[in-house]
Number of protein chains: 2
Amino acid sequence: MHEQIRDAIQQRREAYTELLKQWVQEPTLSGQEARYQHRIAELYRELGLDTDLWEIDIESLKGNPLFHCQRDTLAGSPNVVGTWKGTGGGRSLILNGHVDVVPEGDHAQWDQHPYSGQVIDGCLYGRGVTDMKGGNLSAYVAVATLKALGIRLKGDVILQSVIEEEAGGAGTLAALERGYTADAALIPEPTEQNLFPRQQGSRWFRLKVAGIKAHGGTRYEGVSALEKSVAVIATVQALEAQRNADLDDPLYAGVPIPLPINLGRIEGGDWPSSVPDEITLEGRIGVGPGETVAAAEQALRTAMAALADQDAWFAEHPVEVEFYGACWQPGGIDLDNPLVDKLSSAFERVHQRRPELQASPWGTDGGLLSQYGVPAMVFGPGITRLAHFPNEHIRLDDVFDVAEIMALTLIDWCELAE
Amino acid sequence: MHEQIRDAIQQRREAYTELLKQWVQEPTLSGQEARYQHRIAELYRELGLDTDLWEIDIESLKGNPLFHCQRDTLAGSPNVVGTWKGTGGGRSLILNGHVDVVPEGDHAQWDQHPYSGQVIDGCLYGRGVTDMKGGNLSAYVAVATLKALGIRLKGDVILQSVIEEEAGGAGTLAALERGYTADAALIPEPTEQNLFPRQQGSRWFRLKVAGIKAHGGTRYEGVSALEKSVAVIATVQALEAQRNADLDDPLYAGVPIPLPINLGRIEGGDWPSSVPDEITLEGRIGVGPGETVAAAEQALRTAMAALADQDAWFAEHPVEVEFYGACWQPGGIDLDNPLVDKLSSAFERVHQRRPELQASPWGTDGGLLSQYGVPAMVFGPGITRLAHFPNEHIRLDDVFDVAEIMALTLIDWCELAE
């Protein structure tokens, strides 16, 4: 049956590549997912899945402590779930993938148009292809192939095409609240086919640094919030160094910065010849697998408060610390959960070697699934370091290898129906 | 006659204060000057001045090397000039004041609403009152008082209410190009009644610092343009220190930073959990009275190029340096020009002491007037350190003292008609 699966995938490889190209050409930035999701629903229906496309009522999520979202409404950004109902008696599996992509940044840093979908030397290029439309295609191909071969499974397979992963997981949370749970979940985020049984959480924060406005020509009469921000940036760097020095999880061995604190945005001042009286910094702090989100928040608050010890300015004008928008729970799956072994075996049958197990340096929607009692494994074809990068691309061979591994895993996990 | 002038001013003090309050309550930010300027034109007409309110055709200024403006159009932002024609044979004087104010910044740093015009303990509060609506009132009151007393002068007095001083002087340039010149100009910018016979020029610049985008969770795969910006900020600070150490103009004695380089704005990055690949810094560099704008520009370019010596990153990704928007020419008036002595004598008659002469730490439209052969003195009632500050205010006594000094100076400079 393994050979049948491989042949079925390879025979349709050209059509699947064309499909991925079309997916990439749709810039599904946050708020721009509707047309894409309607296409996905159409594909699910063509496979004969019970297809559920729905608009998420943001109000119904607002009381949920796990809800983190920067948008005022999710209207126009539907979720899609396609359920392949099993015959009964087998384990169920969610194949979860997000459709939102991060902004493409400076076009000059891209060799092609960021949404070209161009194929060069066996790689398909474009924003979001590694994170994570390539992985989503693997999941789709795995199900499509089993269906095409007339295979029937005991357990349910639940394909999920969710929104808003990049900003805190409102899409996956909405799917969980709608009742979509399972015995486990597999998330094909970009792991380069390594297994990530443990995922780092993360939290967005905003720092406001105060100054006193003055005319630039007599700038010594004011206090530059930008000059004060230099000390804040140094403190963030020192906190990151300290938190990583304190870490001793062997799954993070070899990762240069296991728990990064990233400063992603800065903005402040309103006139070239005025002294800026406020600078805003926005970033994300990694939450260790053995740590709570609250503990990470406290560490940042403490470091900012300690600035008063090195500069009296901060005693009277403390840095305002706010946590907002996105929040990924740390999460994962126990190493003795049978999914770990079944996925590893499927991997070995395709690659003739055992996979590598690592802890993920970033959060995924697996944290939310874990919170709802659905153990989550992250495993996908994308190239980790290209996520959020210019010239993001994916090796097409990897996409189809993962599809093959997923199909084998589904058979093993959900079991063939008699 | 001095006493008559003083009495006439003091008798109408309440009405003039109410007028200044109304001026301050109009937030004449760049682009929002129309209603205010129409009121000024009405006041000029009521004084019997030849009143010229006109919309500036930006296209007609674009070929002028002294033209610096950030706006695409100046439509809706008229200039106003009111000419009090002399009987002939006397020296002419321009009384030049700008109507544009800088943004008020964070309202929380103001004790009152920024456009309240409230009077507390003899001071009137509001954005723009020191820079420079208070000074503009002094000039208006000087002319109104002489007219009310039936005085006639030989030389022309040209009241100018111009736009865009804060962004490079397009209003004054347009007035010069329309033919408004004179034997000298007096600009009541906030000098606290010191005489500024020499004015620093300045130039706006924009620095672009490059990085390489990456996912915040694997930020070590990218290069943070924000971290690189810290070195750029330090270099700007070092350049400022060096330029001021090199300066030996005695008129700048006692000024903490005679030639400041102000970093007024910063912005960069587009996502909290992405490594920022570009940071933009905007600021202004002071141009010394003995220096050209081009030389100051070159000093900044050289300092940015030298960053490559301390960090190889900058050798491959040099900081982009752009000069844009505003530019104030350095300028002034010779110390032996009779206006210096006549203004000093009028000051002495009002204050029973000689005034202080200083070099201005900031640019004014006097630089442009100087370029057109109109020597310019800066002297006004505003409080220097409050320009562009929260809680900007002015002492009303100073406004009326300066009106008195201006009226006396006009009589002495333009001469009484027989």
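In S5(A), which residue is the bridge partner of A:Ile120?

Modeller: The bridge partner of A:Ile120 in S5(A) is A:Cys123. Before going further, please note that this is a predicted model, in which local features need pLDDT of at least 70 and side-chain atom pairs count only at pLDDT 80 or more, whereas totals for chains, interfaces and linings use all residues. Residues are numbered from 1 along each chain as its sequence is written, chains are lettered from A and ligands numbered from 1 in the order in which they are written, and side-chain values use heavy atoms, with hydrogens and water left out.

The two residues belong to a pairing between S4(A) and strand S5 (residues 123–125) of chain A, which is antiparallel and runs over two bridges. Strands here are DSSP runs of E with at least two residues, helices are runs of H or I with at least four, and both are numbered from the N terminus. Two strands pair if DSSP finds at least two bridges between them. In general, strands of a sheet pair through backbone hydrogen bonds, either parallel or antiparallel.

S4 and S5 of chain A form part of an open sheet of three strands in the order S4-S5-S16, with antiparallel pairing. Strand S4 (119–120) and S16 of chain A are the edges: each has a single partner strand, so one side of each is left without a neighbour in the sheet.

In chain A, the loop between strand S15 (376–378) and strand S16 (393–395) holds A:His388. The phi angle of A:His388 is near 70°, a positive value in a residue other than glycine. A:His388 has a relative accessible area of 1% and is therefore buried; buried means under 20% relative accessible area, exposed over 50% and partly exposed in between, with a 1.4 Å probe and protein chains only.

In chain B, the loop between strand S15 (376–378) and strand S16 (393–395) contains B:Asn391. B:Asn391 is buried as well, with a relative accessible area of 16%. Its side chain reaches the backbone oxygen of B:Gln109 at 3.5 Å. Leaving aside neighbours within four places in sequence, B:Asn391 is in contact (heavy atoms within 4.5 Å) with B:Gln109, B:Trp110, B:Asp111, B:Gln112, B:Tyr125 and B:Leu386.

Other loops of chain A also hold buried residues. A:Glu164, in the loop between strand S6 (157–162) and helix H6 (170–177), has a positive phi near 65° although it is not glycine, and its relative accessibility of 2% counts as buried. A:Ser92 lies in the loop between strand S2 (79–84) and strand S3 (93–98) of chain A and is buried at 12% relative accessibility. Residues up to four places away in sequence aside, A:Ser92 touches A:Asp156, A:Ala182, A:Asp183, A:Ala184 and A:Trp413.

Another strand pairing in chain A joins strand S9 (residues 201–210) to S12(A), in the antiparallel sense and over six bridges. Within it, A:Val321 of S12(A) is the bridge partner of A:Leu207. Strand S12 (residues 320–328) of chain A is mostly covered, with seven of its nine residues buried.

Strand pairing also links the two chains. Strand S10 (residues 261–268) of chain A pairs with S10(B) in the antiparallel sense over three bridges, and A:Gly268 stands opposite B:Ile266 in S10(B). Across the whole interface, 64 residues of chain B are in contact with 64 residues of chain A. There are two salt bridges between chain B and chain A, a salt bridge being a side-chain nitrogen of Lys or Arg within 4 Å of a carboxyl oxygen of Asp or Glu. The side chains of B:Glu240 and A:Arg219 meet in a salt bridge at 2.8 Å, N to O. On the side of chain B that touches chain A, helix H7 (225–245), strand S10 (261–268) and strand S11 (278–287) of chain B each supply at least two residues. S10(B) gives the most to that side, with eight residues.

A cis peptide bond, with omega about 0°, joins A:Asp131 and A:Met132, and A:Met132 lies in helix H5 (residues 129–148) of chain A. In chain B, a cis peptide bond with omega about 0° joins B:Asp131 and B:Met132, and B:Met132 is found in helix H5 (residues 129–148) of chain B.

Key. Polar contact = N/O pair within 3.5 Å; in protein donor to acceptor, adjacent residues only side chain to side chain.
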